[in-house]
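Student: Could you walk me through this model once it is on screen?

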Amino acid sequence: MESSSLPSLAGIENWPVPTAAAAVVRADGTVAGSHGPTGHRFPLASVTKPLAAYAVLVAYEEGAIDLDEPAGPEGATVRHLLAHTSGLAFDENRVMAAPGTRRIYSNTGFEVLGDLVAKATDIPFADYLHQAVLEPLGMTATSLDGSPARDGVSTVDDLVRFAAEVQAPRLLDARTVLDAMTVAYPGLTGILPGYGHQRPNDWGLGFEIRDGKSPHWTGTTSSPRTFGHFGQSGTFLWIDPDARAACVALTDRAFGPWAVEAWTPFTDAVLADLRR
């Protein structure tokens, strides 16, 4: 699936990766362009988290859980877990800070969320994600094969459907999505994996928010309101409300210096195409 309307997407051909696919979807749900094997299934790594967070927010709207109910370490809530401020360590069940005091990016926190939703709904979290998000959006090639923090597998075509949903929500109230893309617990510092210490290290609920972070995996011309996620498997999804568009890029090479060098100019080129 190739696109002439956004020549910038062909930039993935220059990435030092075996396989890559990318697409851009506008806020009205139309695909502005795509390049590469958009039906190929890639491991998402942490791009799994926005999908999991969306399912958690559906559970909240259905009344199965509350964002401010206790969850995780003492004093922490569902909201703290979604915003990486529960105090839980990155990848182990260890408390490193009081809830709401530091931004500690935590896979463990998302695993706690998955367990909470499974218990509240009496449905295994992977099945709940399927029923609440994947099935209604027609994301037939997407599955969660383990941790809600990192074990999703999907395609560019499926993630385009998700990015369209986030920009014009049907599964959630628009106010809930606005909450998810708004800074939760403003002013907290922390480390953005791969990009170092950020002051502040802003996050919403399950989505990272660009704000003034530098360096960053989005573009130098990305609006501060841009939100999304990247994954250690060489994947990203950003949504720029000011550009009224979202971009998905999936690869099969682990995140590293190549991605730091490639992703920012790529995003700047995509945004330049969208402005034309």
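This is a predicted model: local features need pLDDT of at least 70, side-chain atom pairs count only at pLDDT 80 or more; totals for chains, interfaces and linings use all residues.

Student: How many residues has the largest nonpolar core?

Tutor: The largest nonpolar core has 58 residues, where a core is a set of buried Ala, Val, Leu, Ile, Met, Phe, Trp, Tyr and Cys residues joined through side-chain atoms within 4.5 Å, and buried means under 20% relative accessible area with a 1.4 Å probe, protein chains only. Val78, Leu82, Val133 and Phe162 have the most contacts inside this core.

Student: Which helix gives the most to this core?

Tutor: Helix α1, residues 48-61, does, with 9 residues; helices are DSSP runs of H or I, at least four residues, numbered from the N terminus.

Student: Switching topic, is Ser106 buried or exposed?

Tutor: Ser106 counts as buried because its relative accessibility is 2%. Ser106 sits in the loop between α2 (78-82) and α3 (107-121), and, leaving aside neighbours within four places in sequence, contacts Lys49, His84, Leu88, Ala89 and Phe90, contact meaning heavy atoms within 4.5 Å.

Student: And how do α1 and α3 cross?

Tutor: Their axes, lines fitted to C-alpha atoms over the stretch in contact, with angles from 0 to 180 degrees between N-to-C directions, come within 11 Å and cross at roughly 35 degrees. On the α1 side, the contact includes Lys49 and Ala52, and on the α3 side Asn107 and Phe110.

Notes: Residues are numbered from 1 along each chain as its sequence is written. Side-chain values use heavy atoms; hydrogens and water are left out. Buried means under 20% relative accessible area, exposed over 50%, partly exposed in between (1.4 Å probe, protein chains only). Helices (H or I, at least four residues) and strands (E, at least two) are DSSP runs, numbered from the N terminus.
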